[in-house]
Amino acid sequence: MNSMKWLMAGAMLIFGSIGLFARRVPLSSAQISLLRAAVGGLCLLAAAAAVGNGLSWKRIRANARYLLMAGAFIGMNLILFFEAFRWTSIATGTVCYYLAPVFMLCLAPWLLREKLARRTVLCVFVSLCGLACVVGGSGGAGRNDLLGIACGVGAAELLLAAAFLAPYVLVKGGVPLAGWDGAGWSCLAALCLIHTGLAYLMYFTALRRLPAQTTAALSYIDPLSAILMSWLVLGESMTPLQLAGGALILGATFLNEMKKD
C-alpha cells in the first residue's frame with residue numbers, strides 16, 4: 001500500500017510540473033495537445049499490451065459513441081488547459097482547473113439524479129467564493145490575466161476528452177517542427193513521454209490499489225506543487241487575495257471529497 005501511495009504522489013508531482021515544460025515548447029495549445037495525446041496514448045497502448053491485457057475491442061465497439069464524445073471533450077479540455085498557462089500564471093490556471101469537482105457536483109442533480117447534501121452545497125458555495133477571490137485578486141491586471149482564468153475554468157468544466165484534435169490542427173496548418181532549439185525538443189518529449197505516458201501509467205496503476213479517499217487526498221499534491229514550482233522556478237506569485245481564494249477552492253473541494261458515505 002505504501003508503495004502505491006508513493007507511486008500516486010510521484011504522478012501528482014509530475015502533473016504539477018506540466019506548466020513549466022509547456023511554457024518552453026514553441027507550439028500552440030492545440031498542437032501541444034495533439035502531440036501529447038498521440039504519443040502518450042501510444043505509450044499507454046504499449047503498456048496495456050505489455051501486461052498481457054491489451055484492449056477489449058468488444059467493449060470499445062459497444063461504447064464507441066461515448067468514447068468519441070469523450071475524445072472530443074478531452075481534446076477541448078487539453079487545449080484550454082495549456083491555453084490558460086499562456087494567459088495567466090501557472091498557479092492561477094491550475095487552481096481554477098481544480099474547480100472541476102465543483103462543476104460535477106452542480107450537474108449531478110440533472111445528469112445523475114443525485115440529491116445534493118447540505119455539506120456539498122456549502123462546499124460549492126465556498127469554492128465559488130474562492131473563484132471570486134482569484135478573479136478579484138488579479139487586481140485589474142488586464143484582459144490577459146482574466147482570459148487565462150476563464151480558460152482554466154473552462155478546462156475544468158469540460159473534464160473529459162481528444163478525437164477532433166488531429167483534423168483541427170491540420171486545418172490550422174499542422175505542426176511545425178523545424179527551427180527548434182534543444183530545450184524545446186526536450187520539453188516536448190517530457191510532456192509526451194513523462195507527463196502523459198509515464199505519469200498516467202503510474203496514476204492508473206496506483207488508482208486500482210488505493211482507497212478512493214487516499215487517492216483524493218494525494219491528488220492535491222498536483223495543484224500545491226504547481227504553485228510552489230511556478231514560484232521557485234519562474235518567480236510567479238499570487239496576490240494574498242488570490243492565495244485565499246485558492247485555499248477556499250482547494251479546501252472546500254478536499255473536505256467534500258473526504259466526507260464519509
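Visitor: Which residues does helix 1 use to meet helix 11?

Guide: This is a predicted model, to be clear. On the helix 1 side you have M4, L7, M8, G10, A11, M12, I14 and F15. They meet I194, H195, A199, Y200, M202, Y203, T205, A206 and L207 in helix 11.

Visitor: And by class, how many are nonpolar, polar or charged?

Guide: The contact of helix 1 with helix 11 has 14 nonpolar residues, three polar ones and no charged ones.

Visitor: What angle do the axes cross at?

Guide: Roughly 150°, with the axes coming within 8 Å. Helix 1 covers residues 2-16 and helix 11 covers residues 182-207. Anything over 145 degrees counts as roughly antiparallel, so that's what helix 1 and helix 11 are to each other.

Visitor: Left-handed or right-handed crossing?

Guide: The crossing of helix 1 and helix 11 is left-handed.

Visitor: What about C187, buried or exposed?

Guide: C187 is buried, with a relative accessible area of 10%. The cut-off for buried is under 20%, so C192 counts as buried too, at 5% relative accessibility.

Visitor: How much of the protein is buried overall?

Guide: Of its 261 residues, 42% count as buried.

Visitor: Last one: how many helices and strands does the protein have?

Guide: There are 14 helices and zero strands. Read along the sequence, the pattern is α-α-α-α-α-α-α-α-α-α-α-α-α-α.

Conventions
Residues are numbered from 1 along each chain as its sequence is written. This is a predicted model: local features need pLDDT of at least 70, side-chain atom pairs count only at pLDDT 80 or more; totals for chains, interfaces and linings use all residues. Side-chain values use heavy atoms; hydrogens and water are left out. Axes are lines fitted to C-alpha atoms, for helices over the stretch in contact, and angles run from 0 to 180 degrees between N-to-C directions. Helices (H or I, at least four residues) and strands (E, at least two) are DSSP runs, numbered from the N terminus. Angles under 35 degrees count as roughly parallel, over 145 as roughly antiparallel, 65 to 115 as roughly perpendicular and the rest as oblique. A crossing is left-handed if the near helix is turned anticlockwise from the far one by less than a right angle, and right-handed if clockwise. Contact means heavy atoms within 4.5 Å. Ala, Val, Leu, Ile, Met, Phe, Trp, Tyr, Cys and Pro count as nonpolar, Asp, Glu, Lys and Arg as charged, and the others, Gly among them, as polar. Buried means under 20% relative accessible area, exposed over 50%, partly exposed in between (1.4 Å probe, protein chains only).
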